Amino acid sequence: MAIAKKPKPAPASDAAAEAFISGKDTPAPAPEPEPTGRKQVMIRFDPVLLERVDKAAKRSGISRSSWVQYQLNKALEDMGL
C-alpha cells in the first residue's frame, strides 16, 4: 500500500465563513415525527436471553417488539394489573 499525503482542504471563502458563523448554512431541523400513541423506550437484555426472545418471536412469526409487548401484557394480566 502506498503512502500518500493528506490532501489540503480547499480554502473557504469569506462569504462561506460568514454564513457558517451566522448559522445561515445550517440546515433546518427535521420535522417532529407524527405522534403514534406509542412511546419508544430502551431496555437492555442479557445476550443469551435476547437470543431466546428472538427465537420465540421468530417461532411465533412476529417481531421481537411485538413478542415482548404480548408477553408483558400477558404477565401483567396474570398479576391482575
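Leucine 81 lies in the segment after helix H3. The model is a predicted one. In it, leucine 81 is exposed, with a relative accessible area of 71%; the cut-off for that class is over 50%. Leucine 81 also contributes to a nonpolar surface patch, together with Leu76 and Met79. The patch covers about 360 Å².

Helix H3 itself spans residues 64-78. Its 15 residues reach 21 Å from the first C-alpha to the last. That is close to the 21 Å expected at 1.5 Å a residue. Glycine 80 follows H3, and its phi is positive, near 80°.

The overall fold was examined next. The chain holds three helices and zero strands. Read from the N terminus, the order of elements is α-α-α. The radius of gyration is 25 Å, whereas the globule rule gives 12 Å for 81 residues, so the chain is more spread out than a compact globule. The C-alpha trace spans about 70 × 45 × 20 Å along its principal axes. Burial is reported for the chain as well: buried residues make up 4% of the 81 residues. The cut-off for burial is under 20% relative accessible area. The chain exposes about 8400 Å². Carbon and sulfur atoms supply 60% of that area.

Proline 9 is found in the segment before H1. At 72% relative accessibility, proline 9 counts as exposed. Helix H1 covers 14-22. Of its nine residues, the number buried is zero, so H1 lies largely in the open. Glycine 23 follows H1 with a positive phi, near 85°.

A loop runs between H1 and H2, and lysine 39 has its place there. Lysine 39 is exposed, at 78% relative accessibility. The C-alpha atoms of lysine 39 and serine 63 are separated by 17 Å. Along the chain, these two residues are 24 apart.

Helix H2 runs over residues 47-60. It has 14 residues and reaches 20 Å from its first C-alpha to its last. The expected value at 1.5 Å a residue is 20 Å, and the span of H2 is close to it. The N-terminal end of H2 is capped by aspartate 46. A side-chain oxygen of aspartate 46 lies 3.1 Å from the backbone nitrogen of valine 48. Just after H2, glycine 61 takes a positive phi of about 75°.

Arginine 64 counts as partly exposed, at 42% relative accessibility. Aspartate 54 is also partly exposed, with a relative accessible area of 29%. The partly exposed class sits between the cut-offs of under 20% for buried and over 50% for exposed.

Methods: Residues numbered from 1 in each chain as written. Heavy atoms only, no water. Helix = DSSP H or I, 4+ residues; strand = E, 2+ residues; numbered from the N terminus. Expected span 1.5 Å × (residues − 1). Patch = residues over 30% accessible without salt bridge, like charges linked within 9 Å, V, L, I, M, F, W, Y side chains within 5 Å. Areas by Shrake-Rupley, 256 points an atom, 1.4 Å probe, with all protein chains shown as cover. Salt bridge = Lys/Arg side-chain N within 4 Å of Asp/Glu carboxyl O. Buried < 20%, exposed > 50% of the residue type's maximum accessible area, 1.4 Å probe, protein only. Rg over C-alpha atoms; globule rule 2.2 N^0.38 Å. Polar contact = N/O pair within 3.5 Å; in protein donor to acceptor, adjacent residues only side chain to side chain.
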